[in-house]
Amino acid sequence: MHYCEFVAALPSSTDNPNKHYHDTQYGFPIEDDNELFEQLVLEINQAGLNWTLMLKKRQAFQTAFKGFDIDTVAAFDEADIDRLLTDASIVRNRLKINAVIYNARQIKQIQQEYGSFKNWLDANHPLDKAEWVKLFKKHFKFVGGEIVGEFLMSTGYLPGAHIGSCPVYQKVLGCRPKWAEAV
């Protein structure tokens, strides 16, 4: 079942966070580097788990990772890692936590060269998924095909976030830059 079909099957009175996420965020372009970083962090932490859990823990992740401020997370040290490993409100996985900090530092380097993480993404667009995965693996940790694919779909760089019959599909298309491919 495609994500759009899953969301459409949810009852109208649902408190499932997927409905709001699907209708207002999934596939829509993101301009802000910290928001792009947040999406990458959530995708990394979702590995082996499910997206509903990430959406339910999103606020806790925002608190634990200081609003996903790239500069702040890049400066995290062993005390911060210890704090995160004892924070039951997030996913406590040392490999994922270390990857998030490492990736924040990598994004800072990308920002120095390209002006922003978004500019780097734009400069490399369009690539197919395999090329994106190769590029991400060159720069980041804990980024396999699923994580990279979902990150790029959720931020509008790869097609497939919404099916053509989804009511959100046209909204997403209307928000996309002219260079972007169809969702």
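Which helix gives the most to the lining of the second largest pocket? That helix is H1, with four residues. The structure is a predicted model, in which local features need pLDDT of at least 70 and side-chain atom pairs count only at pLDDT 80 or more, while totals for chains, interfaces and linings use all residues. Residues are numbered from 1 along each chain as its sequence is written, and side-chain values use heavy atoms, with hydrogens and water left out.

About 160 Å³ of space lies in the second largest pocket. A pocket is an open set of points on a 1 Å grid over the protein atoms alone, where a 1.4 Å probe fits, with protein on both sides within 12 Å along at least five of seven lines; lining residues have an atom within 4 Å of a point. The volume is the space filled by probe spheres set on the points, which are joined across faces, edges and corners. Of the 13 residues lining the second largest pocket, Cys 4, Ala 8, Lys 19, His 22 and Pro 167 are the closest to its centre. Two or more lining residues come from each of helix H1 (3-8), helix H2 (17-24) and helix H11 (167-175); helices are DSSP runs (H or I, at least four residues), numbered from the N terminus.

The largest pocket holds about 220 Å³ of space. Its lining includes Tyr 3, Glu 43, Trp 51 and Glu 150. Helix H3 (33-46) and helix H10 (145-154) are the elements that give two or more residues to this lining, and the largest share, four residues, is from H10.

The largest nonpolar core has 50 residues, and those touching the most other members are Phe 37, Phe 65, Phe 117, Leu 121, Trp 132, Phe 136 and Leu 152. Such a core is a set of buried Ala, Val, Leu, Ile, Met, Phe, Trp, Tyr and Cys residues joined through side-chain atoms within 4.5 Å. Buried means under 20% relative accessible area, exposed over 50%, and partly exposed in between (1.4 Å probe, protein chains only). Leaving aside residues up to four places away in sequence, Phe 65 touches Val 73, Phe 76, Leu 84, Ile 90 and Val 100 (contact means heavy atoms within 4.5 Å).

Backbone geometry was also examined. Lys 66, in the loop between helix H4 (51-64) and helix H5 (70-74), has a positive phi of about 50° although it is not a glycine. Phe 68, found in the loop between H4 and H5, has a positive phi of about 60°. Lys 66 counts as partly exposed at 44% relative accessibility, whereas Phe 68 counts as buried at 0%.
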